[in-house]
Amino acid sequence: MSTPDVVGRTYPKTPVYEVGREKIREFATAIGDTNPAYHDVEAARKLGHRDLVAPPTFAIIVTVPASVTAALDPDVNLDYSRVVHGDQRFEYRRPIYAGDRLVCQATIDSLRERAGSVFVSTRTDIFTEDGEQVGSAYATIVSRAPQKES
Amino acid sequence: MAATVSYDDVEVGTELPAQAFPVERVNLVMYAGASGDFNPIHWNERFAKSVDLPDVIAHGMFTMAEAGRVVTDWVGDPAAVVEYGVRFTRPVVVPDVGGATLEVSGVVSEKLDDRRVTVDLTARSGDDKVLGRAKAVVQLT
């Protein structure tokens with residue numbers, strides 16, 4: 001297994017990601033959601049928002065590059081070809097909007113092995129470029145043990 | 001933020017309208033493009049089987065996003081979802097022919113301070129429970 005001091009390690013901030021209206025619309029369409037807050041700026045403003053609202057899981061687009069950087073740390077020693085997503089949680093202090101310029105920073109919260117599978121848990125904090133914290137994402141990825149020969 | 005559901009109008013046990021979402025390979029292609037996750041287990045059957053999966057599987061995040069629609073459709077303003085978390089318990093297997101159907105239901109499980117509630121979601125594909133501990137915290141009006 002890998003060195004224990006990788007737990008608690010924090011990785012560099014990601015480059016700025018500019019949240020675009022068309023990307024929000026595309027993402028909403030991909031999940032089959034016609035909610036006007038995702039597509040129609042006037043509808044979003046009528047709800048009290050400054051621009052289109054991003055869906056609750058949209059942040060995965062920006063948090064994954066940060067958390068994958070952590071998972072690919074050679075000290076984590078993960079077989080990425082066998083990785084599946086174990087769990088995911090988002091906590092928001094405010095919604096993500098079209099026009100936001102976001103940066104993310106990941107920290108490894110834990111690293112465990114059970115029955116040959118490796119579990120890597122990360123916390124990724126989401127900030128605007130100006131330093132306002134928008135929220136956090138918590139994720140566990142699992143590198144699955146190889147199947148036993150039968 | 002403007003949820004259409006009032007905190008005073010719900011109680012523990014209030015059910016959200018359940019939904020059934022068809023999932024086809026094309027949906028996974030669209031989600032791959034939208035999210036940037038091009039892992040071939042979500043579109044390449046040969047590769048999925050080579051890493052011991054039964055067939056192409058949906059992105060866990062796609063399943064999470066679709067299941068979340070039960071909450072956002074109920075509350076109206078999606079910004080009312082202030083927390084959302086799931087465990088990926090079983091994959092949603094998406095065969096080339098016929099696809100899959102994701103069935104999602106939700107129930108208010110707790111009334112919190114500040115006019116927020118917790119919603120517990122149940123998500124199944126066929127006989128498989130595909131999400132565990134699926135919970136959203138929703139800011140009601």
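Me: What makes residues of chain B count as being in contact with chain A, and how many do so?
Reply: Contact means heavy atoms within 4.5 Å, and by that rule 31 residues of chain B are in contact with 31 residues of chain A. This is a predicted model, in which local features need pLDDT of at least 70 and side-chain atom pairs count only at pLDDT 80 or more, while totals for chains, interfaces and linings use all residues. Residues are numbered from 1 along each chain as its sequence is written, chains are lettered from A and ligands numbered from 1 in the order in which they are written, and side-chain values use heavy atoms, with hydrogens and water left out.

Me: How much area do chain B and chain A bury between them?
Reply: Buried area is the accessible area (1.4 Å probe) that two parts lose on being put together, summed over both, and for chain B and chain A that comes to about 2700 Å², with 58% of it on carbon and sulfur atoms. In chain B, the residues that lose the most area to chain A are A34(B), M61(B) and P78(B), which together make up 19% of what that side buries.

Me: Why is the pair D52(B) and R82(A) called a salt bridge?
Reply: A salt bridge is a side-chain nitrogen of Lys or Arg within 4 Å of a carboxyl oxygen of Asp or Glu; the closest N and O atoms of D52(B) and R82(A) are 3.4 Å apart, so the pair meets the rule.

Me: What makes β2(B) and strand β2 of chain A a pair?
Reply: Strands are DSSP runs (E, at least two residues), as helices are (H or I, at least four), numbered from the N terminus, and two strands pair if DSSP finds at least two bridges between them. Strand β2 (residues 83–92) of chain A and β2(B) have 5 bridges, in the antiparallel sense, and therefore qualify.

Me: Why can the salt bridge of R25(B) and D55(B) be said to tie together separate parts of chain B?
Reply: The closest N and O atoms of R25(B) and D55(B) are 2.9 Å apart. R25(B) lies in helix α1 of chain B and D55(B) in the loop between α2 (45–50) and α3 of chain B, so the pair ties together parts that are 30 residues apart in sequence.

Me: How do you know whether R25(B) and D55(B) are buried or exposed?
Reply: Buried means under 20% relative accessible area, exposed over 50%, and partly exposed in between (1.4 Å probe, protein chains only). R25(B) has 17% and D55(B) has 11%, so both are buried.

Me: Where do R69(B) and E66(B) lie, and how do their accessibilities compare with the definition?
Reply: R69(B) and E66(B) both lie in helix α3 of chain B, 3 residues apart, about one turn of the helix, and they form a salt bridge with their closest N and O atoms 3.4 Å apart. R69(B) at 13% counts as buried, and E66(B) at 4% counts as buried too.

Me: Why is D128(B) called partly exposed?
Reply: D128(B) has a relative accessibility of 27%, so D128(B) falls in the partly exposed range. Its salt-bridge partner, R90(B), with closest N and O atoms 3.5 Å away, counts as partly exposed at 46%.
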